[in-house]
Amino acid sequence: MNKRVLIADDEPNIVISLEFLMKREGHAVSVARDGPSALEAIRGTRPDLVLLDVMMPGMSGFEVCQAVRADEALAGVKILMLSAKGRDTDIAKGSAMGADAYMTKPFSTKELAEKVRELLSAA
Amino acid sequence: MLSAPLVLAASFAYLLMLFGVAHWADRRARAGRSVIGNAWVYTLSMGVYCTAWTYFGSIGRAASSGLWFLPIYLGPTLAMLLAGSLLRKMIRIARTYRITSIADFIASRYGKSRTLAALVTLIALVGILPYVALQLKAIASGLTVLTGTHGGSGPWWSDSTLYIALALAGFTVAFGTRHLDTSERHEGMVAAIAFESVVKLLAFLAIGMFVCWGLFDGPGDIFARAAAQPALSGLSGLGGESKFAGGQWFALTLLAMLSVIFLPRQFQVMVVENVDERHVQRATWAFPAYLLLINLFVLPIALGGLLHFGVGGADPETFVLSLPLANGQSLLALVAFIGGLSAATGMVIVEAIAVSTMVSNDLVMPLLLRLRHRASSDLSGVPLAVRRVVIVALLLLGYLYFRVAGEAYALVSIGLISFAAVAQFAPALLGGMYWKGGTRAGALAGLLAGFALWSWTLLLPSIAKSGWLAIGFLTDGPFGIALLRPEQLLGLSGLDSLTHALLWSLLANAGLYVAVSLARAPSAREATQALLFVDVFQRSAGAPVFWRGRARLAELQQLATRFLGAEPAQRLFADYARRAGLAGVERIAPDAQLVQHVETQLAGAIGSASARAVMASVVEEEPLAPEDILRMLDEASQVRALNRQLESLDRLKDDFMSSVTHELRTPLTSIRAFAELMRDDPEMATEQRQQFLGLVVGEAERLSRLVNQVLDMAKIESGHAEWRNDQIDLCELIAHAVQTTAEVFRERGAVVSVQQPESVPTLHADRDRLLQVLLNLLSNAAKFVPAGSGRVEVRLTVDARAAQVEVADNGPGVPVDQQQLVFEKFRQGGDAANRPQGTGLGLPISRQIVEHFGGRMWLRSEPGRGACFAFELPWTRQQEETGA
């Protein structure tokens, strides 16, 4: 199950840990460090899954998600939103914007890996 | 023909059903599941505009003069499309000041004048009586057609119309006066009225379809056949055989426009019973749509009836009954009658409730208060009793009018007389909502003149034409003075009597209102009410309280108990105490705010003019001068500004908490992720493990830095920080700071140079805190200078007043739009991808420290040419300015 995963987060250390985790799961990983470049990477490479941070410079994860969902051609891209804001309203906003799943930071690596597996196998 | 008992039984069954609807809605309301909190119900309840007059009368009008029935519907449609904002303003004013009737509205606007309230009530009462009579007439003639018995004649005790009037009275009493509510809302009644609007619409449409497609081959067929008959061909045009009478159309449309807003029952359902201002938005198009639907078949039914019975063959006003009857559709005729009954009952119920509120509050209460001014007697039951009596009296008077004048006049003409009466409210009410200069005297003069001219030019002629007055004054003028002839006043002729009456009465009314208002400046009380009304949208929050004087809590409580009853009064004060955050009712300060609140609540129960009067009797008031009002306005706007500031502080605090949460979670995320990765993978390469451990340690350090700084910030902001008062040699302190950061700069390959005078005076401040500021500025500079070629200059300059320290670097600088932001919490400079690690709190804390010692901190930067952070500290600080 070799899938392509895009990690969109502006925290270098979180990127390092997510990158390691995804590679260990056997996926090909690419990285974007702000909103606009995340959207560009999604449009350019159409990854199977995006781990999308909400608070990013340039363009928030919500905005990226909304833009992706507005684009028919990107319908196959799964989106898992990650946010250090865990309030119910944020989670609701995430699913309203069309995210497939929402996890709060700090996350359990095991749960994250499971959620990723689940999303990718459903595809 | 149907048997009279059957029709009466069906009628009472319908009324019982209506009662069921009202009861159900009241029960739902008590259970908190209101059915009237809905824009559709609101719109349908406005359908009470369409009375028996619509149902029977407009067909009569169409049958006699073609499209002349239309202005009565064009007017409201125009009014709704144009006056949405007017309606919203009326609703907001009524809600804010607990206004429960149109008399109260006008009286309250002009300084809570009792005289004005009584006058408006009187005009409404006299004006509305013919209208009530009209409903009774409609039911009576409907019964006649349906059963063949004749109502409205014979001895009064055998007249079924009388019993219908009494039944309606009983019904209205049961509907509208079950309990006294200070907002005067009747959920059950509104639901029942909305239900009636549906019933009459469906019944009318059913008849229309029956006539169009059951008796003829569709509307086209009817119009074609009518066009073929010379007697009918004129009816589908404007103004019959004569030319199009533009002036009369305009007058009728204007009249209907004003009526849809100023009729007491329209005011009741649109303003008093409104539960949500936003409902107005839907009503502005949905109500005209309702009117369109209910008028769709007027002309086809009228023409169809004339074709069927021949001109003069049957009374056009009962075509909806006689057409189905003549064709053997007795069930449909019964449905049509029920529809007409619903139109009549809806009007009677709402109008009677509205008028009884006005009479009770504005005519009877003031009299009672004058007669029984001992404060001890409990009056809380009086308003309801008065209203019940008024409702029964209104219906009986309506019946009397019907017996006296009903036969002589067609439905439409009676209705128009009422319309013209309530149109007199327009100048005082509209002027009062938009013009602060209008005065009580102006409103009184205008209303009196308008009412007098209405009586002279419209009411008296109608009575005379019914044969109850000698007709001589109509044709020759009173005492033979031709200029005063009611229908050709001052020789004005060539207009129909209605246009003529409307022109004169409104002209005199509006003219006197403006002229008398302009003659004298408003009094203090008028001016305050003018402000509260005209600027209601600006003042909804933190409304100014225009009152000064002394009151005693016990007396206010006594007063409230007297008019509202013991339990509601207790609740009123308990709620007030709770909202003010007080421990109990006894803690309430009897200030202007409380007086205003109690008076507003009383106004809901007994009208604002009476409330004003009873309030004045128990409190010691000081008169207000115009400059007092200006000052109070000013205070209110200051309170509003303070409120806004508090709100934005609250928001800032929320933002801060949310940012802190986010900032704390971010390093925690990395720490947890790396720790779990290492735990789950014992085989991990040592090198990899070392890298992760290094990152964990780094993130843990960041976390503790963050926690320290957040605590630091919180301490400083809450004023709990400890500040020492050291004697500081700034030269030595700068040297110390540079030395402490030397290692960092060496790593980045940067050079730090210091420029300072030989010696500087001693500064009194907290040494550790100032060191913290310097270290923060230096470490920021270290983060942003280019690796290998960084240059940082620290400059100390002094003058007589203050010492100034600058830390300039040759980094990328700060873009202009971010220069203010860097001092805000959690706003880090630099582009995010390779932003140096920081907490986003260093600069805000530094600035707070500097400001604590009476100094200031700023940033000077041109992008691409480095950043220069600087602060200055005065030698002597002003303790009282900085606080502690």
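1. Start at Ala420(B). In this predicted model, leaving aside residues up to four places away in sequence, Ala420(B) touches Leu255(B), Trp454(B), Leu458(B), Leu498(B), Ala501(B), Leu502(B) and Ser505(B). Keep Leu255(B), Leu498(B) and Leu502(B) in mind, as they come up again in point 3.

2. Now zoom out to the core. The largest nonpolar core has 211 residues, and Ala420(B) is among those touching the most other members, along with Ile106(B), Val120(B) and Phe262(B). Which helix gives the most to this core? That's helix 17 of chain B, residues 330-371, with 23 residues. Another core lies apart from this one; it has 40 residues, including Ile7(A), Val50(A), Val116(A) and Ala673(B).

3. Next, have a look at a helix pair in chain B. Helix 12 (residues 246-262) and helix 23 (residues 497-519) of chain B pack at about 65°, their axes 9 Å apart, and the crossing is left-handed. On the helix 12 side you'll find Gly247(B), Gln248(B), Ala251(B) and Leu255(B), which meet Leu498(B), Thr499(B) and Leu502(B) of helix 23. Sorted by class, the residues of this contact are 4 nonpolar and 3 polar, with no charged ones.

4. Finally, the two chains. Chain B puts 16 residues in contact with 20 residues of chain A. On the chain B side, helix 29 (626-680) and helix 30 (686-718) each supply at least two residues, and the largest share, 12 residues, comes from helix 29 of chain B.

Technical notes: Residues numbered from 1 in each chain as written. Chains lettered and ligands numbered in written order. Predicted model: local features only at pLDDT ≥ 70, side-chain atom pairs only at ≥ 80, totals over all residues. Axes fitted to C-alpha atoms, helices over the stretch in contact; angles between N-to-C directions. Helix = DSSP H or I, 4+ residues; strand = E, 2+ residues; numbered from the N terminus. Left-handed = near helix turned anticlockwise from the far one by under 90°. Contact = placed C-beta atoms within 7 Å. Nonpolar A, V, L, I, M, F, W, Y, C, P; charged D, E, K, R; others polar. Core = buried A, V, L, I, M, F, W, Y, C linked by C-beta atoms within 7 Å. Buried ≥ 20, exposed ≤ 12 C-beta atoms within 10 Å, placed from the backbone.
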